[in-house]
Amino acid sequence: MSVILEGRDITRDYIVSGGFMRGAKTVRALHGISFSLEQGKTLAIVGESGCGKSTLARILTLIDPANSGDLIIEGEKIDIATRKVTSDLRAKVQIVFQNPYSSLNPRQKVGEVLTEPLIINTDVPAAERRKRAEEMLVKVGLERQHYNRYPHMFSGGQRQRIAIARALMLNPQILVLDEPVSALDLSVQAQVLNLLKDLQDEFNLTYVFISHDLSVVRYFADEVMVMNSGEVVEYASRDEIFTNPQHDYTKTLLAATPVADVDKIRERVARRKALFEGA
Ligand SMILES: Nc1ncnc2c1ncn2[C@@H]1O[C@H](COP(=O)(O)OP(=O)(O)O)[C@@H](O)[C@H]1O
Ligand SMILES: [Mg+2]
């Protein structure tokens, strides 16, 4: 097994205005985050709103720089503060955001959403771009004809499938999923989670799966990093986190989690699938 993504002591500060006549102050959003992730595995990052999950997601996907520490992708230190993000690098790590309503441009047709990463980062010709986009639509459980439709014509779950398809267009090795099902109805969550699992197996993808919901993480993760106020409070295998949590904060999170939910949803989806397939 080879390590594909590594963080060493990553910190991130935000400068925020203190208000009228009060000057600016620095808020530390991440206090030295370290982890290492093997190819094909899923690291879940959990913690309450405001603990720094999305800040870390933007650093891992080369959208924002860290203030200090190292980000290492495939053994190579990447510092976007001092180096341009090349298309090759951009293609390695992609992100899916929480809200599929705001992350898709309403004026772009689905085909444009999916081919845009190819236009920006590759010289794949137009006909081939279209072909790849249509194939990707099928892979995420949509249809080729959806290429010419606009995002508003789709449900939340379908929109998140479009966002996942877009993230996969450059054949990334790593996907950072920032609360990818949190904005979806419970019944749709399980379907999208199943899709993500299938895609991970098919493409040997490495996932950083961000969630505030431990019941979702339990279904998905190999390892779990629990964060609180920008710090890692516990980092262990999924089984250890769920059967033998060490830290009080993890125990509190677990106590607040209806752990049976996802299992129930999965059962329901499996029953319905069996029904359809039987029909
Ligand atoms: N652009 C920003 N400017 C100032 N503070 C920010 C900014 N983005 C996030 N923060 C602060 O950093 C902390 C972590 O935020 P975030 O990473 O969005 O947390 P999470 O995704 O876990 O909810 C919060 O206190 C938030 O208010
Ligand atoms: Mg967030």
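**Figure 1. In helix H1, Lys53, Thr55, Leu56, Ala57, Ile59 and Leu60 are buried.** Buried here means under 20% relative accessible area, exposed means over 50%, and partly exposed lies in between, with a 1.4 Å probe and protein chains only. The model is a predicted one: local features need pLDDT of at least 70 and side-chain atom pairs count only at pLDDT 80 or more, while totals for chains, interfaces and linings use all residues. Residues are numbered from 1 along each chain as its sequence is written, chains are lettered from A and ligands numbered from 1 in the order in which they are written, and side-chain values use heavy atoms, with hydrogens and water left out. H1 covers residues 53–60, and six of its eight residues are buried, so the helix is mostly covered. Helices (H or I, at least four residues) and strands (E, at least two) are DSSP runs numbered from the N terminus.

**Figure 2. Arg58 is a partly exposed residue of helix H1.** Its relative accessible area is 26%. Apart from neighbours within four places in sequence, Arg58 is in contact with Tyr14, Ile63 and Asp64, where contact means heavy atoms within 4.5 Å. One of these partners, Tyr14, has Val27 in E2 as its bridge partner. For a sense of scale, 26 Å separates the C-alpha atoms of Arg58 and Leu254, which are 196 residues apart along the chain.

**Figure 3. Leu62 and Asp9 both carry a positive phi without being glycines.** Most residues other than glycine have a negative phi, and most peptide bonds are trans. What is the relative accessibility of Leu62? The value is 3%, so Leu62 counts as buried. Asp9, in turn, is found in strand E1 and has a phi of about 55°. With a relative accessible area of 47%, Asp9 is partly exposed.

**Figure 4. Four strands form an open sheet in the order E2-E1-E4-E5, with antiparallel pairing.** Strands of a sheet pair through backbone hydrogen bonds, either parallel or antiparallel; two strands are taken as paired if DSSP finds at least two bridges between them. Strand E2 (24–38) and strand E5 (76–77) stand at the edges with a single partner strand each, so each has one side without a neighbour in the sheet. Strand E1 (residues 3–17) runs antiparallel to E2, and twelve bridges join the two. Along this pair, Gly7 stands opposite Phe35 in E2. E1 and E2 form a hairpin with six residues between them. In its turn, Gly19 has a positive phi of about 105°.

**Figure 5. Strand E7 (residues 174–178) is largely enclosed by the rest of the structure.** How many of the five residues of E7 are buried? Five of the five are. Both faces are covered: Ile174, Val176 and Asp178 lie on one side, and Leu175 and Leu177 on the other. Strand E6 (residues 93–96) runs parallel to E7 and is joined to it by four bridges, with Gln94 opposite Leu175. Strand E8 (residues 206–211) is also parallel to E7, through five bridges, and here Leu177 has Phe209 as its bridge partner.

**Figure 6. Leu214 is a buried residue of helix H7 (residues 214–220).** Its relative accessibility is 2%. Setting aside neighbours within four places in sequence, Leu214 is in contact with Val46, Phe242, Leu253, Leu254 and Thr257. Asn105, 109 residues from Leu214 in sequence, is 30 Å from it in space, C-alpha to C-alpha.

Figure 7. The C-alpha trace spans about 55 × 45 × 45 Å along its principal axes. Buried residues make up 46% of the 279. Among contacts with a separation of 6 or more, 67% link residues 24 or more positions apart.
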